[in-house]
Amino acid sequence: MTYRIVHYINQFFAGIGGEEKAGVGPESRNGALGPGMAFKAVFGNEAEIVGTVICGDGYFAENMDEAGEKILKMIADFKPDAVIAGPAFNAGRYGTACGAVSEAVLKKLGIPVVTGMYPENPGVDMFRKSVYIVETSDSARGIKDAVPAMSKLIMKMLRGEPIGSPADDGYIQRGVRVNRFHDKIGAARAVDMLVKKLKGEEFKTEYPMPVFDRVPPAEPIKDMKNAVIALVTSGGIVPKGNPDHIEASSASKYGTYSIEGVQSADEVAYATAHGGYDPTYANTDPNRVLPIDVLREMEKEGMFSKLYDYFFTTVGNGTSVASSKKFGSEIGERLKKDGVDAVILTST
Amino acid sequence: MKLELLKVNIKGVKWGGSTEVLKDGTLQVSKEDLLAFVADDDNLKCINADIALPGESIRIVPVKDVIEPRYKIEGGGQVFPGMVNDVESVGEGKTFVLEGVAVVTCGRIVGFQEGIVDMSGKGAEYTPFSKTCNVVLVFEPKDGLEKHDYEKAFRLAGLKAAMYLAKCVYESGGAADKTETYEIAPFAESMKSYAGLPKVAYLYMLQTQGLLHDTYVYGIDAKRILPTILHPNETMDGAVVSGNCVSACDKNSTYVHQNNPVIRSLYERHGKDINFVGVIITNENVTLADKKRSSSFAVKIAGMFGVDGLVISEEGFGNPDADLIMNCRRAEMAGIKTVLITDEYAGRDGASQSLADAATEANAVVTAGNANMTVTIPPQERIIGFTEYVDVIAGGFDGSLKPDGSIEVELQAITGATCELGFNKLGAETW
């Protein structure tokens, strides 16, 4: 079969005009146009550019939501099997548009998409994690290398072939860690690396350290007597039997459980699901991780107004930062909505 | 200090009337004698034994420890000092080794823990213990046995069995196929040796976070040590043994302590590219004060050695990432160049940051792979142990165990898969 491909380009590559025409809105044309002719030549009989969707870079930048929707509909009307966008080389607004269109195609239409950019194009940082961006040169002179590389990648996706490494398949690193077997064991690689480092020779770390985002702590509570306090834990305390099957490590979810009327996280009703620490002491007295008993006493003494009726719990053991961020923002939203003033976060 | 390892190359294991090596290199084991030797009637209801050979369709689960059979035949002390033998310093003389064999301990789950060893299929590619001929001990604890006591009982039984096998073979006249010699001179001499070569030590981090997260050094729970110095040869005689297997991919079984690949790799370059002066052990305790004390103390020792470089290996992940980075930063700030060995928890999709801590000084890192990566390991014809725990062990999740017996798990459930001593060839890169 011949795959149906739609090509997204800007006003310049469509031959409409340069910066003076950047304000033109989305339009749809049948068949290939501009750089699409080069793709057509490479695809041969295997794929066909059934349509080209064009939008001025300025228009897209100023009307992102509306333009994006229109473009997506125009693309969908061609009933394509895949989409290619650009290449945008080092054109910033064009790169951003290609990235945004590609991401929308992936998320809303769920079909393969490839774009191409120069690594310093601002669209790269914005979209490399979600879309495959083939590395191109900084100007349209690089079209002869960009077209075969983008075609090769989109055809691999269409055929359902596994995508190789950035070096093998010519795309810009997406920041995803992938396992592979080396020729040498890790210890030998480490000693090789140390010898090079000591000699002042060039060496390449296998894990470039990331820069962590830091969250500034919230302002302290001014009126403690009237505060509602919630308990949130990554120490894995759950109702006994772990009703939501929160994993012992690498948790994919968190639990929300009512503690209305509960005076103590006793060992009859609660236990830990956490696989990363000695659970003996937490299971003997779950209050050690989820201190309901002490908070109830303080509540009675009037130190604060109320212990929030639910606690949120997950397992921090080996759980990815992405999952933790997701859990954290969801829990935070809920606590804000319910008027909670402060949270006691316990770990293990 | 000089140690010779006399290694017998074992090609198979089978049960028989006596324990000895047969002419074809097969280790014959008297099951009855072995079980009698390791029996622990006070704590264990029963111990059974089984054999699992490379390529056989066998799954061993939940695996607690793996130990190489060794027995000292010359020099002070005996293997696993302070554990199953008197507390006498080891690392000198001659030690008899059954290479290619491992004792694997397996028993009902203690927590959420312990690993999987498949002898064939996809899972076998990731665990180093699919390549050894395994004598598997399967335990049943006595009813009501306290968890720490249970853990201790099977740990000691495994060590006893390993020593017993090597001892029997030696005493029945087994002959070594090769001898390896490891020697480093006393400090006064070694510090002056190899002028012009950089001095290098190994900072060996031991997991010490509590039940199934412990390590023992000459019988002492390493939580309670101050960082100290070991001669590298001591590890070869079992001075350091495992008491942990939670998230089994990156917990060091006794086998990898005995065959520490960092020590072997440093020995290989000793006198050629580096002057390997010794091993500093440190722990990974959970409180900040403990972390600071150990880190500061360990780097101080490295400074007293006057080393130019350190290889630092982590054990475990998450909380110990803080120890790893602290050790690295302190050493680099003291002018000591470091290379770290770790593994990664970058999420199943590999898109998250891999470690719980980071520092710009950590610019030379070797990774043993992303332990969150999932693999589907095919069913095996025979199960040794108890497969019903797969959903709840670390690395497993609801639905991990499929009706056909295949298992979809994260690599972290596979024993030794991302060993941070750098035992394997697995690594990771950014795509």
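**View 1. Contact between chain A and chain B.** In this predicted model, 58 residues of chain A are in contact, meaning heavy atoms within 4.5 Å, with 79 residues of chain B. The area buried between the two chains is about 5,600 Å², with carbon and sulfur atoms giving 60%; buried area is the accessible area (1.4 Å probe) that two parts lose on being put together, summed over both. Local features need pLDDT of at least 70, side-chain atom pairs count only at pLDDT 80 or more, and totals for chains, interfaces and linings use all residues, while side-chain values use heavy atoms, leaving out hydrogens and water. Residues are numbered from 1 along each chain as its sequence is written, and chains are lettered from A in the order in which they are written.

**View 2. Salt bridges between the chains.** Five salt bridges are counted between chain A and chain B, each being a side-chain nitrogen of Lys or Arg within 4 Å of a carboxyl oxygen of Asp or Glu. One of them joins the side chains of D192(A) and R269(B), at 2.4 Å from N to O.

View 3. Strand β7(A) and strand β25 of chain B, residues 426-430, run antiparallel and are joined by five bridges; strands (E, at least two residues) are DSSP runs, numbered from the N terminus, and two of them pair if DSSP finds at least two bridges between them. Within this pairing, V178(A) stands opposite E429(B), a residue of β25(B).

How values were computed. Helices (H or I, at least four residues) and strands (E, at least two) are DSSP runs, numbered from the N terminus.
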